[in-house]
Amino acid sequence: MVSNLAGGRHPRHGVEPGTQLGALEAYAAQAHGYLSAGGEQLAQLAGLLRPVVLESWLRSVRGGVDPMDPLDGRGLRGADLQRYRDAHPIAALMPLIDKLLVQDTARTGLIVAVADQFGRVLWMHGNSDQVGAAAEIGLRAGDDLSERRIGTNAVGLVVRTGRAAWIHGPEHFLHRMHQITGAAAPVHDPDGRLVGVLMIAGGVRVAKPEILALVKATSTAAEMDLLLTAMRAGQRGAVSSTGEFAAARLGLDVLGLGQPLLTVAGDRVPLSQRHAEILLLLAEHPEGLGADHLALLLDDTDLDNGTIRAAMSRLRAVVGPNAFGSRPYRLRAHIATDIEALRAALDSGDVDTALRLYAGPVLPRSTAPGIIDIRDELRVRLRAAVLGSGDAAVLRRWTACAEGRDDAAAWGAYRATVDRDSPLYAQIEAKIRVLDRRLGADATRMQRSRS
């Protein structure tokens, strides 16, 4: 279903569906070679994958997903699946989804998959041959397509990020899914909680901007339908104080060495390290986190559920009593983070703006495992975008900041943008020689320490 592999310049970060597919496939195929080699070879992935795909691959590696994972029989089936999907909120939207999405794609040989908020496929629509072919690679009603289960794929990425996504061919983490392309978009309820995911899957025809636009338009129509239904029932959001909270403009600043800050309706409130950690983790997991999961993301040693409950109680006193749902813990209103703004700039390919927004690492004093993951993923993505930009101003700013000051690859990329006869070239060359000597000395010390 995918086109032949082809070489060429790596696509720009933030590339739209349908552009430079041959290059995407070639680089992703090469990345799988490095993935198989493992170890230090994983560092090579940054220059081969789109940033959003790279982040997902890194999470998949850390989560222990096997790219050669074979198809198995796990999943909801039969009467269990029927009962689950009949009771799911997205079931009420199926007539609308059928009208706007299924009927439009039925004649094209494409597949429409409707999943729940966790990535489990509830419905598959398409002609029997295409649905059967999809089932053979693990795209079946009842299957779990979450990132933690099968690695990088369009549905799993939407569940993880809450944003529309497309994954093409070998950008999928699992080898058995390399012959499909998926374009997916989230469906949120009036309170902003994810309730489901819509995806069109098939061959290269899916890798077109109009396909992703169609899925996003349908998800928007579905969200409007949920909103209208809630308004008719007089249940939009929650009552009184909860409604006031949901309407408030919330922001969270966690980048750099400064004090973490929560913004509520224009007022900026200083946060403790632990409160900032919890809010950021909940913002990054809109589906919610159980107490055990939240405890592991905050501390992988001995943090118990009682400590989590006490921390949540203190945080409610800061943010408001109706800020969170429980079982699992989840935010009842969207919090706009400075990380979100930076990611949006990267998604659009605006590396210059992204670098300006990057005030420093995410909660740099935090040792919480979940925060370290976010910090590392954001830095890897930003660095990859900087190195791939070929922009002298961007590279100058990166090499001048603490994160890039000793980044030999960045200095090399910066040198490539400067005229060899200019004084600046000589300065950059001198810096690279210093870094080379330092790296050589470090390697020598490591060898001596091993002997």
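By the rule used here, the chain holds 25 salt bridges. A salt bridge is a side-chain nitrogen of Lys or Arg within 4 Å of a carboxyl oxygen of Asp or Glu. The model is predicted: local features need pLDDT of at least 70, side-chain atom pairs count only at pLDDT 80 or more, and totals for chains, interfaces and linings use all residues. Residues are numbered from 1 along each chain as its sequence is written, and side-chain values use heavy atoms, with hydrogens and water left out.

Start with the overall picture. The chain has 18 helices and 11 strands. These are DSSP runs, numbered from the N terminus: helices are H or I with at least four residues, and strands are E with at least two. Of the 451 residues, 48% count as buried. Buried means under 20% relative accessible area, exposed means over 50%, and partly exposed lies in between (1.4 Å probe, protein chains only). The accessible surface of the chain comes to about 20700 Å². Carbon and sulfur atoms hold 53% of that surface. Such areas come from the Shrake-Rupley method with a 1.4 Å probe; for residues, only the protein chains shown count as cover. Now take the contacts, meaning heavy atoms within 4.5 Å. Among contacts with a separation of 6 or more, 59% are between residues 24 or more positions apart.

Back to the salt bridges. Glu-171 and Arg-50 form one of them, with N to O at 2.8 Å. Glu-171 sits in the loop between strand 3 (165-168) and strand 4 (181-188), and Arg-50 in the loop between helix 1 (21-37) and helix 2, so the pair ties together parts 121 residues apart in sequence. Both Glu-171 and Arg-50 are buried.

Other pairs sit within a single helix. Arg-274 bridges to Glu-277, with the closest N and O atoms 2.7 Å apart. Both lie in helix 10 (residues 273-284), 3 residues apart, about one turn of the helix. Arg-274 is partly exposed, at 30% relative accessible area. Glu-277 is buried, at 4%. In helix 18 (residues 423-450), Glu-429 and Arg-433 are 4 residues apart, again about one helical turn. Their closest N and O atoms are 4.0 Å apart, and they form a salt bridge. Glu-429 is partly exposed at 23%, and Arg-433 is partly exposed at 43%. Elsewhere, salt bridges that share partners join Glu-55, Arg-59, Arg-62, Glu-147, Asp-373, Glu-377 and Arg-381 into one network.

Glu-147 counts as buried, because its relative accessibility is 9%. Its side chain makes a polar contact of 2.5 Å with that of Ser-56. A polar contact is a pair of N or O atoms within 3.5 Å; within protein, one must be able to donate a hydrogen and the other to accept it, and residues adjacent in sequence count only if both atoms are side-chain atoms. Leaving aside neighbours within four places in sequence, Glu-147 is in contact with Ser-56, Arg-59, Ser-60, Val-65, Thr-152, Gly-156, Leu-157 and Arg-160.

Next comes a loop residue. Asp-69 is found between helix 2 (51-62) and helix 3 (78-87). Asp-69 is buried, at 15% relative accessible area. A polar contact of 3.3 Å joins its side chain to that of Arg-149. Residues up to four places away aside, Asp-69 touches Arg-149, Leu-174 and Arg-176.

Now look along helix 12 (residues 305-319). At 1.5 Å a residue, its 15 residues should span 21 Å, and its end C-alpha atoms are 21 Å apart, which agrees. The expected span is 1.5 Å times one less than the number of residues. Ile-308, Ala-311, Met-312, Leu-315 and Val-319 are its buried residues. The arc is that of the directions from the helix axis to the C-beta atoms. On the other side of helix 12, Arg-309, Arg-314 and Ala-317 are exposed. Gly-320 follows the helix, with a positive phi near 135°.

End at helix 17 (residues 408-415). Ala-410, Trp-411 and Tyr-414 are buried there. These buried residues fall within an arc of 100° seen down the axis, so they line one face of helix 17. At the start of helix 17, a side-chain oxygen of Asp-407 reaches to within 3.2 Å of the backbone nitrogen of Ala-409.
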